[in-house]
Amino acid sequence: MSSPCDPRHAPAGDVSAALMMIDSRLKAVYDGKTGTDAEQQQLIDQYTASLGPGGADDLLDGACTLIYMYMTWLRMAYEDHDRDVIESVVPHLVASMRMMPKSVRPEAIPTMAGLVVAAGTGLSPSLWRRQYGDWTKDEMNPLEATAFLLAEHINRITDDRDFATRLISKALNRADQV
């Protein structure tokens, strides 16, 4: 029986734009810029404002697609070592978010953990979230943080700061060729 949250039924969204945002955050952190870069934030805000409602939804769906793809890769990597992806990733993700109280409000953490569990079990994070209503403004930073933390986790376990970005870029290139 097919789930209503099956990824085949989910919009992919604007994965390229979501990847660009996550990659720029990763590069800033790796360069030691942990504070908010006013210029970078202004560019992101301008870009997001230029999207309009449909574009913003596409960006949200793109971020969810990133989360799904990252969790799919992590699931395969952990299974190769006889480990469970949920057990290995979710506690670290939750602990990291709890250390980010300015960006991630405590009440958003269970939703983001659920989103990651959905992705880790092969469900569409976007469709899983839709069951509970529209995205809220307070969930935007936690969603970005979730995608960022998963990408950083992948980069750390591969010992390659660009692995997560290349992983998605290669998948997008293959999709374009088909």
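Residues are termed buried under 20% relative accessible area, exposed over 50% and partly exposed in between, with a 1.4 Å probe and protein chains only. The structure is a predicted model, in which local features need pLDDT of at least 70 and side-chain atom pairs count only at pLDDT 80 or more, while totals for chains, interfaces and linings use all residues. Residues are numbered from 1 along each chain as its sequence is written, and side-chain values use heavy atoms, with hydrogens and water left out.

Helices are DSSP runs (H or I, at least four residues), numbered from the N terminus. Helix H7 has 15 residues. From first to last C-alpha, H7 reaches 21 Å, close to the expected 21 Å (1.5 Å times one less than the number of residues). Its buried residues are Ala164, Thr165, Ile168 and Ala171. Viewed down the axis of H7, these fall within an arc of 135 degrees, so they line one face of the helix; the arc is taken over directions from the helix axis to the C-beta atoms. The face turned away from this buried side carries the exposed residues Arg174 and Gln177. The buried residues of H7 pack against H1, H2 and H6, contact being heavy atoms within 4.5 Å.

The largest nonpolar core holds 48 residues. Such a core is a set of buried Ala, Val, Leu, Ile, Met, Phe, Trp, Tyr and Cys residues joined through side-chain atoms within 4.5 Å. Ile67, Tyr70, Met71, Leu74 and Leu143 touch the most other members. Helices H1 (15–30), H2 (38–79), H3 (85–98), H4 (109–120), H5 (125–130), H6 and H7 (163–177) each supply at least two residues. H2 provides the largest share, 13 residues. Beyond neighbours within four places in sequence, Leu74 contacts Val85, Val89, Leu150, His153, Ile154 and Ile157.

Ala147 lies in H6 (residues 140–158). At 1% relative accessibility, Ala147 counts as buried. Ala147 and Tyr70 are 77 residues apart in sequence, yet their C-alpha atoms are 8.1 Å apart.

On a 1 Å grid over the protein atoms alone, a pocket is an open set of points where a 1.4 Å probe fits, with protein on both sides within 12 Å along at least five of seven lines; lining residues have an atom within 4 Å of a point. Among the lining residues are Tyr68, Trp73, Ile168 and Arg174.
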